[in-house]
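Biologist: Could you pick one part of this model and walk me through it slowly? I'd like the contacts spelled out, with the cut-offs you used.

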Amino acid sequence: MSESVYRILDASLNRVGEGLRTLEEYARFVLDHPAHSATGKQLRHDLAAAAGRLSKVRLLSARDTTGDVGTTIGLDSEASRESITAVVHAATGRTGQSLRCLEEYGKCIDVDFAADIERLRYVFYDWSARLGVIAESGQADRGASRRNRIRDARLYFLIDAMSSDEALVSHVAALADAGVDVFQLRDRSASDRTLFRRSLAGAKAAGEAGALWVVNDRVDIAAASGADGVHVGQDELPIGAVRGVVGPDVLIGVSTHDVDQATEAVRGGADYIGCGPVFAGRTKSFDAYVGPAFLSDIVALDLDIPAFAIGGIDAGNVRSVIDTGCVRIAVTGALRDADDPVAATRVLKATLLGK
Ligand SMILES: Cc1ncc(COP(=O)(O)OP(=O)(O)O)c(N)n1
Ligand SMILES: Cc1nc(C(=O)O)sc1CCOP(=O)(O)O
Ligand SMILES: [Mg+2]
């Protein structure tokens, strides 16, 4: 009996490994989603750890691929896949079934192995359901495109609500044309109604100009106005709660002030981080400044998501930021207070691009 059980376990372990890898590649290369990719990787590691409880020799000696009657039974539905979504569904089904096989037959050999697989199966169900929802909703492209664009971004501008929709729209168009890649609506004094209207108008103007539109703090206004992203600080809603409101394809940015906060933001599923305050500026005052040394630490971490240096950065000190290896900045005063914001944008962008 145990020879046959080892044969089943060997085949199922291989099937689960392949299925997890198929789904992980979807999270990594289709969705560009760091947190979902990390979960896939973790599941593969957990599978290997659970398999380590079984005798490798017995597993391998039970393997008999040429004598396996199942290898010659092929279904027409498996010969081709009509879409990436179909690949995701097939891999999810196969992996879930094989995990159940591992758990049930594993109980005949090692109860701790079976218990490990049961835990893994629950994490898998949650993860694959989330991937399935993204695939089914057709949102993969939107989320992936936004993640690609924030990765390519260099210059991020925190803009206030300005005096009218028209003023905001023409400023966004001019600065996007000059090189701003991402706009963040940040205005503590505007009413909710004004923020909502400006965000609707700003998101449209930014989108038409090929830039991203992010809303500061206000998850509700970001969701209601169709923003590309929302930015939250350490004292605001945690990433999981924000994700629950905005869904899978809206970018979540998180402010970080030390290395622990940065790694925690990546682990929690942030799409980018702000790192500061680097220098003293005119927009917001702080008790302490992290300086370029913090940026060097962030660069050394080689995070999976882009990091934007923020705080008092302007044309006069941007080179000391770039010297750390950090080539993305977020600014307010450098463009808001410039005599010629378009010219200031061009100078900053050219410097970031090494021109
Ligand atoms: C890109 C970026 N980085 C950091 C911040 C600061 O966010 P937070 O700490 O929540 O402070 P407020 O901006 O809300 O005052 C940011 N907004 N954007
Ligand atoms: C809003 C904000 N947050 C920061 C942080 O470090 O978290 S620094 C900052 C101010 C950014 O404006 P300026 O470029 O004018 O200094
Ligand atoms: Mg905030």
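Modeller: I'll go through the ligand surroundings, then a helix.

A word on conventions: residues are numbered from 1 along each chain as its sequence is written, and chains are lettered from A and ligands numbered from 1 in the order in which they are written. This is a predicted model, where local features need pLDDT of at least 70, side-chain atom pairs count only at pLDDT 80 or more, and totals for chains, interfaces and linings use all residues, while side-chain values use heavy atoms, leaving out hydrogens and water.

Start with ligand 1. It has 15 residues around it, and Gln184, Arg186, Arg188, Ser255 and Lys284 come nearest; a residue is near if one of its heavy atoms lies within 4 Å. By class, that shell splits into four nonpolar, six polar and five charged residues, with Gly counted as polar, and Asp, Glu, Lys and Arg as charged. Now the polar contacts, meaning pairs of N or O atoms within 3.5 Å. The side chain of Arg186 puts a polar atom 2.7 Å from a ligand 1 oxygen, and Arg188 has a side-chain N or O atom 2.6 Å from an oxygen of ligand 1. On its own, ligand 1 exposes 420 Å², and the protein buries 91% of that (Shrake-Rupley method, 1.4 Å probe).

Ligand 2 has 14 residues around it; Pro277, Thr283, Gly312, Thr332 and Gly333 come nearest. Its shell holds four nonpolar, eight polar and two charged residues. Here you can follow backbone atoms to ligand 2 oxygens: Pro277 at 2.9 Å, Gly312 at 2.7 Å and Thr332 at 2.9 Å.

Last, have a look at helix α10, residues 239-246, where Ile239, Val242, Arg243 and Val246 are buried. Helices here are DSSP runs (H or I, at least four residues), and buried means under 20% relative accessible area, exposed over 50%, with a 1.4 Å probe and protein chains only. Those four sit on the same side of α10 because they cover an arc of only 100° around the axis, taken from the directions from the helix axis to the C-beta atoms. An α-helix has 3.6 residues a turn, so residues three or four places apart point the same way. Turned away from the buried side, you'll find exposed Gly240 and Gly244. Just past α10, Gly247 adopts a positive phi of about 85°.

Key: A polar contact is a pair of N or O atoms within 3.5 Å; within protein, one must be able to donate a hydrogen and the other to accept it, and residues adjacent in sequence count only if both atoms are side-chain atoms. Helices (H or I, at least four residues) and strands (E, at least two) are DSSP runs, numbered from the N terminus.
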